[in-house]
Structures are given as structure tokens and as C-alpha cells.
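User: I have a two-chain model open and want to go through it. Can you take my questions as they come?

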Amino acid sequence: MRVLGIETSCDETGVAVVDDRAGLLAHALYSQVRLHAEFGGVVPELASRDHVRKLLPLVDQVLAEAGTTPAELDGVAYTGGPGLIGALLVGACAGRSLAWAWGVPAIGVHHMEAHLLAPMLESPAPAFPFIALLVSGGHSMLVEVQGLGQYRVLGETLDDAAGEAFDKTAKVLGLGYPGGPALAQLATAGGPGRLSLPRPMLRRPGLDFSFSGLKTAVIIGIRDLELDEKTRADVAWEFQEAMVDVLVGKSLRAVEQTGIRRLVVAGGVGANRRLRERLTGDAAALGVEVFYPRLEFCTDNGAMIAYAGMLRLKAGEAASSSIEARARWDLETLRPPGASV
Amino acid sequence: MTRIFLPDAAATAALGARLAPGLAAACQAGPVVVHLEGPLGAGKTTLVRGLLRGLGHEGRVRSPTFTLLEPYELPDCEVMHLDLYRLADPAELDYLGLEDLLRPGGLVLVEWAERGGDRLPGADLKLALDYQDAGRCARCTAGSGRLEPLVAALAQAGEPASSRRIETK
């Protein structure tokens, strides 16, 4: 089975083609590709979230790169939610209509389900069940994944996402926005002792996160400091340690509570070196296997939508002929294909 | 303009809760737009969280920085919580379907409203938060006549003792 996947839930316009035998054939984000003929060789600077003008040229390009014609496709998957409703509708309209025109089934995929299944695109893929720590600019959650459509949210952020706290703290330290990776880089030159930061929610039972107070603690903590290069590096170091302590602590608590000894770390923050170092060390000591999908599949992309859609289409699921998208869609309401809701 | 000292996050949330009944009533006649301004960590989302609690929302209130927009369907009104922090250009507002939000029963709460420029509808109520001593201060200004009584009422007695120290100009 060969499926076209379309992601337009927020900032990125992403398109991919996956095949159940050959794997991933092609994938691209508009923000990262050079488009050719469609715009006469010049790629216009289109606004973020202008999915309408970005999507079809990207579909053409990805089909070409995949060496696939529409006649060889067996289905079209698009992000059905959750997300920005206007952005979702662009992908849903295009995906549903293309499938209609090509005479193949379509399916609206849950954006977070796609994130959770993205590690299965890798080799070795984690076997079910696993615990997923999903930490990015938009999400911070721990999810127990038992199988396709079987998800239990163990904990999530009560306020800011982990990546958002990184980015905003970076901004406060004069590193621009979004500056999470720059902050991590600066932290490598830093060390302990400059200021004392909280580990939000770490001492409390449960697996929820809260990062808004950590950002504010930095803002208040640096008020009376002379922010020379060394001090900024030390502050970055303290912030990153606090963040990593919480993420590692809660992840291992999830492992302990569920007895599931496979941990998948996804989302842009999953690329953080210090987080990986600490997780790999602490988890290995406990005999826990840790999986890190490649970074391009940690952030929003079309490949994960194509993959999750393919799994559901193969099981015989398909969307109706109407165009549907939902801004809010609770992950825990999902069911395995064929199960009654 | 009413100025209120907020000693801690609980006081910021309480101010939001106190605004809830008045805003819910005001938006029945036509959409109400609230601009929230102030630096990072000043308590904008905390205030919105208190307001949403006051309107009867029991679930989480996450930062809309990444999603740009978080909708809430509540018994008395439909709330749109926007955060324009990541907006690179006011023209990007066109892709958020803002005009659909402006209808009776609609309460539009906009953080980092200054980034929306002229494309953002004007404020019926402006809440400017900033750091002050060990806490925060809020300056509440009515942008349209119908919200003036609400702002004036904030300066009256009846507020929790924790958010005392009020002056009206």
C-alpha cells in the first residue's frame, strides 16, 4: 500500500509518500525545500501558515521525488486535528479532494497519534508497548502506547511546553527567538552555582509538568546579575539542568509506574544533548531501552501522517466523503481500527 | 484607568476571575476584545487562566504560544485565547480566521496584542501587566464605553484582600 500524507496543523506544510514494503519514498517541508517549476524557479517568501499556496506545489514535488504517479497511490492521509482550524481545513480539503479525484480512500489522522507512531519509521523500531516522552515547542506529554489507537496520557504540561520554556528563556538571555538550541549551546560553557532554580512538579506525585514558573524564576533570578558572557552561560546551564532533571525524573517515574521498559523520546527538545546524555545514562542503569527518532520526524512532518494514515487505511478504516477537521481532539478518545467508539 | 497591585500569581488569577462575570455579560450584545500586554513572565496567561476558571472552565489552560489560538466553548460565551508572540508579520493574522471569532457571545483574549498591528480589532479592555517590587501590577483600561463600568468596579471595595492597594486615575 502506498499513501500520500499531508500535514498542515500549524506552522509547517509537510508532505510525504510512504509504502508498506518500500518504506518512506519521499518527504518534504515547504520551509526546507527548494521548489522548482511551479514558481518559475523562484520560491516566493510565503507567510507562515499560508498552506493554501504552499500545499499543491509541494505535493507535486514530493510525488515526483517519490517517483510515484497518483495512479500508484492507494490512499491519502491528512491531519484531521487537533490544531488551528483554518490550517487544518486546508489540508483536509486538499487531501479529501485529491483522494476523491484519484478514486482512493482518504483518512483524517490525529496529529498526536502520528507523533507517537513516528518512531516506527526508524530501524530498529520500538516494539509495543512503550512510553513516549513528547517534548517540543508545542507539546510536553508522557504517553503510554500499547498499540495503534491505544493511548493513555500519563501526564502533560499544565501551562507552557518544554520547548517554549527553552525558547522564552533563551530570549531573556538575549539569544533571540526561538533560541532553545542556542541556549543549550551556551550552557556547554556554563556551570553550577550562579542561581538556584526550582524543579517544578518533581517532588509532587504524578506525571504532569509545569514550566511557566521555571521561566519566570530565571527572569527574576537574573535581575540583580551582571549578564556578562560567563554569567549568561551559567544561567543557561542552571536552566537546562532544572529542565532535564524534571524531564528525566518524570520519564523514569512513568517507566517505574507502568513497568514498561521501552522509552521513546520525541519532539524538538528530544534533540537536546544533555537530556539524551542523562536519559541514556539513568535509563541504562535501570535496564530501560531508549529510542530517539531522527530529528526531522520529531518535529511536525508529513511522513508521520502518511505512516499513521497507512496503518489505519490498511485496517480498513476510511473517512466519509465529507471534509472534516477538528481544532480539539482528545488523544484518549482514539480506538484501534475496527473497535467501536 | 485602574491600577492594581498583585502580590503573587494567585492574585493575578483572582483578578482574572473577578473580570469573568462582567466580560461574559458584555459579550452577549457583541464580541468583546481584550488585549493583554506585558513582558515575559508578567502573568498574562495566569490572568487568562483565572478568567477562564471564573467563566466555568475546569480543564487545563495551556499557553497558546505555539498553537497561536486555543478555543474554549463555555456555557455563557465562546472564548478564543490568542497569543501573537510568534507572529512575524501582522498579515499572518489573515490565516487565523479572526473575523469568524467576532460575533455575539465571543470573547477574544489576545496576548502580545501589539504584534497584531492594525489588523487586530481594537481593545474593549486593555490589561497591561508588569513587574512591581516582588509582585506584579495590572493597569486596566476600558477601550470602549461599555466596559468602563467594569473597570471602575475593579477599583471598588469587594476585591480579595490579597490584591489590595488600588488607585484610580
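User: How many salt bridges are there between chain A and chain B?
Analyst: The count between chain A and chain B is six, a salt bridge being a side-chain nitrogen of Lys or Arg within 4 Å of a carboxyl oxygen of Asp or Glu. Before going on: this is a predicted model, where local features need pLDDT of at least 70, side-chain atom pairs count only at pLDDT 80 or more, and totals for chains, interfaces and linings use all residues. Residues are numbered from 1 along each chain as its sequence is written, chains are lettered from A and ligands numbered from 1 in the order written, and side-chain values use heavy atoms, with hydrogens and water left out.

User: Which residue forms a salt bridge with B:Arg60?
Analyst: A:Glu156 does, with the closest N and O atoms 3.6 Å apart. The pair crosses between chains: B:Arg60 is in the loop between helix H2 (44-54) and strand S3 (69-73) of chain B, and A:Glu156 is in strand S8 of chain A. Helices (H or I, at least four residues) and strands (E, at least two) are DSSP runs, numbered from the N terminus.

User: What area is buried between chain A and chain B?
Analyst: About 2300 Å², with carbon and sulfur atoms giving 52% of that. Buried area is the accessible area (1.4 Å probe) that two parts lose on being put together, summed over both. On the chain A side, A:Arg49, A:Leu84 and A:Arg328 lose the most area to chain B, together 23% of what that side buries.

User: How many residues are in contact?
Analyst: 29 residues of chain A are in contact with 25 of chain B, contact meaning heavy atoms within 4.5 Å.

User: Switching to the folds. What is the strand order in the sheet that holds S8 of chain A?
Analyst: The order is S8-S7-S6-S9-S10, an open sheet of five strands with mixed pairing. Strands pair if DSSP finds at least two bridges between them. Strand S8 (150-156) and strand S10 (289-291) each have a single partner strand, so one side of each has no neighbour in the sheet. Neighbouring strands are turned by 25° against each other on average, direction ignored.

User: In which sense do S9 and S10 of chain A pair?
Analyst: Strand S9 (residues 262-266) and S10 of chain A are parallel, over three bridges. A:Val264 has A:Phe291 as its bridge partner in S10.

User: Which helix lies across that sheet's S6?
Analyst: Helix H7 (residues 229-258) of chain A, which lies across S6, S7, S8 and S9 and runs at about 160° to S6. Axes are lines fitted to C-alpha atoms, for helices over the stretch in contact, and angles run from 0 to 180 degrees between N-to-C directions.

User: What about the sheet with S1 of chain A, what order does it have?
Analyst: S3-S2-S1-S4-S5, also an open sheet of five strands with mixed pairing. Its edge strands are S3 (23-29) and S5 (106-110) of chain A. Six bridges join S1 (residues 2-7) to S2 (residues 14-19), which run antiparallel.

User: Last topic, backbone. Where does a cis bond join A:Gly81?
Analyst: At A:Pro82, with omega about -10°. A:Pro82 is in the loop between strand S4 (75-81) and helix H2 (85-102) of chain A. The bond from A:Ser123 to A:Pro124 is cis too, with omega near 5°.
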